[in-house]
Amino acid sequence: GLFRSAPTSIILSTEVSFLQFVRFEDVPVRPATRMRLSFWYIIGQGNAGECRARVVEYCDRPNGYFRQLGPLDHELSGKDVPQGQWLLFEHEWETERDTNTLAVDFRLLGMNVVGGFWVDDWKLEYVGRDHELNKPHR
């Protein structure tokens, strides 16, 4: 894959302000290419925060950049999502024809609420390709 989380989980918590958001370094990608984001996650019992996963596409140019629409801003903690058990998330899409950079982040939203969730074994990879790009530095 292009990028994969370390052996330890990503932990987000509303109880500590700097643990509510994790964004990874931008990843260079090829335009108009099938991609997959997958990860395991668990929402803590009693969570009242909004757990989200987001992928943002950019078109980087020498004199600046512009953000593409979507492809993903997914709420993981809806009322029908079970708490306290590991769930698999997978999403496939094709990057826009001008996209050359992706950013992945996980967020826990909510003011004055109790909440937490964990993400493990996340990966961003090409679909149907047998090549890899170098891993970005964290």
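Is Asp-121 buried, partly exposed or exposed? Select Asp-121 and show its surface: this residue is partly exposed, with a relative accessible area of 28%. Here buried means under 20% relative accessible area, exposed means over 50%, and partly exposed lies in between (1.4 Å probe, protein chains only).

Before you go on, a word about what is on your screen. This is a predicted model, in which local features need pLDDT of at least 70 and side-chain atom pairs count only at pLDDT 80 or more, while totals for chains, interfaces and linings use all residues. Residues are numbered from 1 along each chain as its sequence is written, and side-chain values use heavy atoms, with hydrogens and water left out.

**Stop 1: the whole chain**

Switch to a cartoon view. The chain has zero helices and ten strands; helices (H or I, at least four residues) and strands (E, at least two) are DSSP runs, numbered from the N terminus. Of the 138 residues in the chain, 42% are buried. Now think about contacts, meaning heavy atoms within 4.5 Å. Among contacts between residues at least 6 apart in sequence, 82% join residues at least 24 apart.

**Stop 2**

Select residues 116-126, which form strand E10 and include Asp-121. The phi of Asp-121 is near 55°, a positive value in a residue other than glycine. Most residues other than glycine have a negative phi.

E5 and E10 pair in the antiparallel sense over eight bridges; two strands count as paired if DSSP finds at least two bridges between them. Look for Leu-37, whose bridge partner in E10 is Leu-124. Then show E2, which pairs with E10 in the antiparallel sense over four bridges. There, Ser-13 has Gly-116 of E10 as its bridge partner.

**Stop 2: a loop residue**

Move to Ala-32, in the loop between strand E4 (27-28) and strand E5 (34-43). Ala-32 also has a positive phi, near 50°. At 37% relative accessibility, Ala-32 is partly exposed.

**Stop 3**

**Stop 4: Arg-52**

Select Arg-52, in strand E6 (residues 50-61). With 14% relative accessibility, Arg-52 counts as buried. Which residue has a side chain joined to that of Arg-52 by a polar contact of 3.0 Å? Show the side chain of Asp-73 to see this contact. A polar contact is a pair of N or O atoms within 3.5 Å; within protein, one must be able to donate a hydrogen and the other to accept it, and residues adjacent in sequence count only if both atoms are side-chain atoms.

Leaving aside neighbours within four places in sequence, Arg-52 also touches other residues, among them His-74, Phe-106 and Phe-117. Try the distance tool on Glu-75: its C-alpha atom is separated from that of Arg-52 by 4.5 Å, although the two residues are 23 apart along the chain.

**Last stop: two cysteines**

Finally, select Cys-51 and Cys-59. Cys-51 is buried, at 0% relative accessible area, and Cys-59 is buried with 0% as well. How many disulfides does a search of the whole structure find? The search finds zero, where a disulfide is a pair of cysteine sulfur atoms within 2.5 Å.
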